[in-house]
Structures are given as structure tokens and as C-alpha cells.
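Me: I've got a protein model open and I'd like to talk it through. Can we go over it in questions and answers?

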Amino acid sequence: MDTTQREALIAMVAVLGLFLFMTLPALIGIARERRIDRQIERAEAARAAAGHREGPTAARPATGAAPRRTARAA
């Protein structure tokens with residue numbers, strides 16, 4: 001292996017190393033989001049299996065809410 005081939009190999013390894021260094025945070029983020037999505041799906045499935053209704057109003061019904069009355073003109 002002569003000098004030119006060695007320099008080309010070093011340059012190629014450097015470019016691949018920089019590429020991995022630049023893409024590694026994105027790949028870690030994608031893996032983390034997929035893990036979180038799986039956890040959310042499992043929690044939703046467990047909640048559905050437990051018989052809970054979905055939606056923000058299903059958690060707790062409104063109690064003690066007085067009906068609104070409009071003011072009357074005298």
C-alpha cells in the first residue's frame with residue numbers, strides 16, 4: 001500500500017467517522033421516541049382493557065355546575 005492509497009483510506013475513514021458523529025444524535029432520538037410511543041400504546045391498551053372511557057371529560061364528570069342565566073332587562 002503506497003502513500004496515495006493510505007491517504008485515501010484515512011480520508012474515507014475520517015469522512016465515515018464524521019458522518020456517524022453527525023447522525024448519531026438523530027438516531028438516538030428516533031430510538032427514544034419509538035420507545036416512548038410503544039410505552040404510550042401499552043398504557044392506552046391497558047387503560048382500554050381496564051374499561052376506562054377515553055377523552056378528557058370521561059375522567060371526571062362535572063359536579064355542582066350551576067346553569068348560566070342571562071340577565072333580564074328591567
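Me: Which residues form a positive surface patch here?
Reply: Keep in mind that this is a predicted model. The residues that make up the positive surface patch are Arg-32, Arg-34, Arg-35, Arg-38 and Arg-42.

Me: Okay, take Arg-42: is it buried or exposed?
Reply: Arg-42 sits in helix H1, which covers residues 3-49. Its relative accessible area is 56%, and anything over 50% counts as exposed. So Arg-42 is exposed.

Me: Which residues gather in a patch of negative charge?
Reply: This time we want Asp and Glu, because they count as negative. One of the members, Glu-33, is found in helix H1 and is exposed, with a relative accessible area of 53%. The whole negative patch on the surface is Glu-33, Asp-37, Glu-41 and Glu-44.

Me: And how much accessible area does the nonpolar patch have together?
Reply: That patch on the surface is formed by Met-1, Leu-9, Met-12, Val-13 and Leu-16. Leu-9 belongs to helix H1 and counts as partly exposed, at 37% relative accessibility. Together the five residues named have about 520 Å² of accessible area.

Me: Zooming out, what share of the residues of the protein count as buried?
Reply: The secondary structure comes to one helix and zero strands. The accessible surface of the protein is about 7600 Å², with 61% of it belonging to carbon and sulfur atoms. Buried means under 20% relative accessible area. Out of 74 residues, the share that counts as buried is 1%.

Note on methods
Residues are numbered from 1 along each chain as its sequence is written. This is a predicted model: local features need pLDDT of at least 70, side-chain atom pairs count only at pLDDT 80 or more; totals for chains, interfaces and linings use all residues. Side-chain values use heavy atoms; hydrogens and water are left out. Patches are made of residues with over 30% relative accessible area and no salt bridge: like charges are joined within 9 Å, nonpolar side chains (Val, Leu, Ile, Met, Phe, Trp, Tyr) within 5 Å. Accessible areas come from the Shrake-Rupley method with a 1.4 Å probe; for residues, only the protein chains shown count as cover. A salt bridge is a side-chain nitrogen of Lys or Arg within 4 Å of a carboxyl oxygen of Asp or Glu. The place of a charge is taken as NZ of Lys, CZ of Arg, CG of Asp or CD of Glu. Helices (H or I, at least four residues) and strands (E, at least two) are DSSP runs, numbered from the N terminus. Buried means under 20% relative accessible area, exposed over 50%, partly exposed in between (1.4 Å probe, protein chains only).
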